[in-house]
Amino acid sequence: MPMTRNQRGFTLVELLIVMVILGVVGAAFVSALTNASKVSQAQAEKSGMQSNLRAGAGLLPAELREINIDGSGSDLVSISPTSITYRAMRRLGFICNAPSAYQMVLRNTDSYGLTLLSAPHDSLVIYLEGDPATTADDIWDVFATVSTASGSCPDGAAATVVNLPGSKAVPTSDLQYDAPVRTFEDMTLSIYSSDGRWWLGASSNGATMQPVLGPLAGGDSTFGFRTANGTVTTTPSSVRVIEAVLHGETTNAISKSGYDTRQLNQDSLKIRIRLRNAP
């Protein structure tokens, strides 16, 4: 007697049901992965934005706190809600010789700073003692530079010879042995627009503005200036406190939850910098 085999398989309806179930599960899985990717991207964008703001919290006080304001003037050159131009002190050294009123010799040892003297871009602030018996005539005076060369001090120690322009003479009679001298460059910090975004930028001695941190929400990021009693001022010599409000933006639009509409996320930082070298 011939053997029979049960050849019953899946019906078309059963296959369709399985395909529908697999499609629903697959769509849910892909959606979950997509949303997880959006959330991960959002976290990375916000982390980058907050890292930028933390950089601003370190940069601005380090640059601005040492600004000097005294009876002879202010290291603040100009101020506005979006820009600060100031003399940034870069190096401290000592004069070991002054062959003429237009040439200063700076000892290479006991010279401290982040950058070397760069003439004619940098300038000198020289301490003039005047009468050693009184402090009433002691001042720091500013002199431009023309060029530098290698040289030596009277005791044979290595030195840098700094040549000054003939437009302003150093009163050598007011110089004391190893008189302190500081070098500075004119720096500008500015909240400016470039390529459709806003940035905090820096420029040295009038060079092209370079972005330091950002992007920022331009209209909401500002500088403010106050006197010793907290009054708002626009006069550089009256400034005792500098305020900076930075509103950071993510570089790209993000979705916070993975389901909502993508948009630029913002965070803010407010810094108050009290000038150390101001009365």
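A surface patch, as the term is used here, is made of residues with over 30% relative accessible area and no salt bridge, nonpolar side chains being joined within 5 Å. In this predicted model, Val13, Ile17, Ile21 and Val25 make a nonpolar patch of about 370 Å².

**Nonpolar surface**

- The nonpolar patch of about 370 Å² includes Ile21 among its residues.
- Ile21 belongs to helix H1, which covers residues 12–64.

- Arg90 is located in strand S4, residues 83–100.
- With a relative accessible area of 13%, Arg90 falls under the 20% limit and therefore counts as buried.
- When neighbours within four places in sequence are left aside, the residues in contact with Arg90 are Glu63, Tyr112, Gly113, Leu114, Thr115, Thr183, Phe184, Glu185 and Met187.

- Glu243 is placed in strand S15, residues 241–249.
- The relative accessible area of Glu243 is 10%, so this residue is buried.
- Gly224 is 19 residues from Glu243 in sequence, while the C-alpha atoms of the two residues are 4.8 Å apart.
- Apart from neighbours within four places in sequence, Glu243 is in contact with Thr222, Phe223, Gly224, Arg226, Lys270, Ile271 and Arg272.

**Salt bridges**

- Side chains of opposite charge can pair when their charged atoms come close.
- The model has a count of 10 salt bridges.
- One of them joins Glu66 to Arg276, with the closest N and O atoms 2.8 Å apart.
- Glu66 lies in the loop between H1 and strand S1 and Arg276 in the segment after strand S16, so this pair links distant parts of the chain, 210 residues apart.
- Glu66 is partly exposed at 33% relative accessibility, whereas Arg276, at 56%, is exposed.
- Another salt bridge is formed by Lys168 and Asp141, whose closest N and O atoms are 3.0 Å apart.
- Because Lys168 lies in the loop between strands S10 and S11 and Asp141 in strand S8, the pair ties together parts that are 27 residues apart in sequence.
- Both partners are partly exposed, Lys168 with a relative accessible area of 35% and Asp141 with one of 21%.
- Through shared partners, salt bridges join Glu63, Arg90 and Glu185 into one network.

**Aromatic pair**

- The ring centres of Tyr127 and Trp140 are 5.2 Å apart and the ring planes stand at 55°, so the pair is tilted.
- Tyr127 in strand S7 (residues 123–128) and Trp140 in strand S8 (residues 139–143) are 13 residues apart, and the pair links distant parts of the chain.
- Tyr127 is partly exposed at 21% relative accessibility, and Trp140 is partly exposed with a relative accessible area of 32%.

Notes. Residues are numbered from 1 along each chain as its sequence is written. This is a predicted model: local features need pLDDT of at least 70, side-chain atom pairs count only at pLDDT 80 or more; totals for chains, interfaces and linings use all residues. Side-chain values use heavy atoms; hydrogens and water are left out. Helices (H or I, at least four residues) and strands (E, at least two) are DSSP runs, numbered from the N terminus. Buried means under 20% relative accessible area, exposed over 50%, partly exposed in between (1.4 Å probe, protein chains only). Contact means heavy atoms within 4.5 Å. Patches are made of residues with over 30% relative accessible area and no salt bridge: like charges are joined within 9 Å, nonpolar side chains (Val, Leu, Ile, Met, Phe, Trp, Tyr) within 5 Å. Accessible areas come from the Shrake-Rupley method with a 1.4 Å probe; for residues, only the protein chains shown count as cover. A salt bridge is a side-chain nitrogen of Lys or Arg within 4 Å of a carboxyl oxygen of Asp or Glu. Rings of Phe, Tyr and Trp (its six-membered ring) pair if their centres lie within 6.5 Å; planes under 30 degrees apart count as stacked, over 60 as edge-to-face and the rest as tilted.
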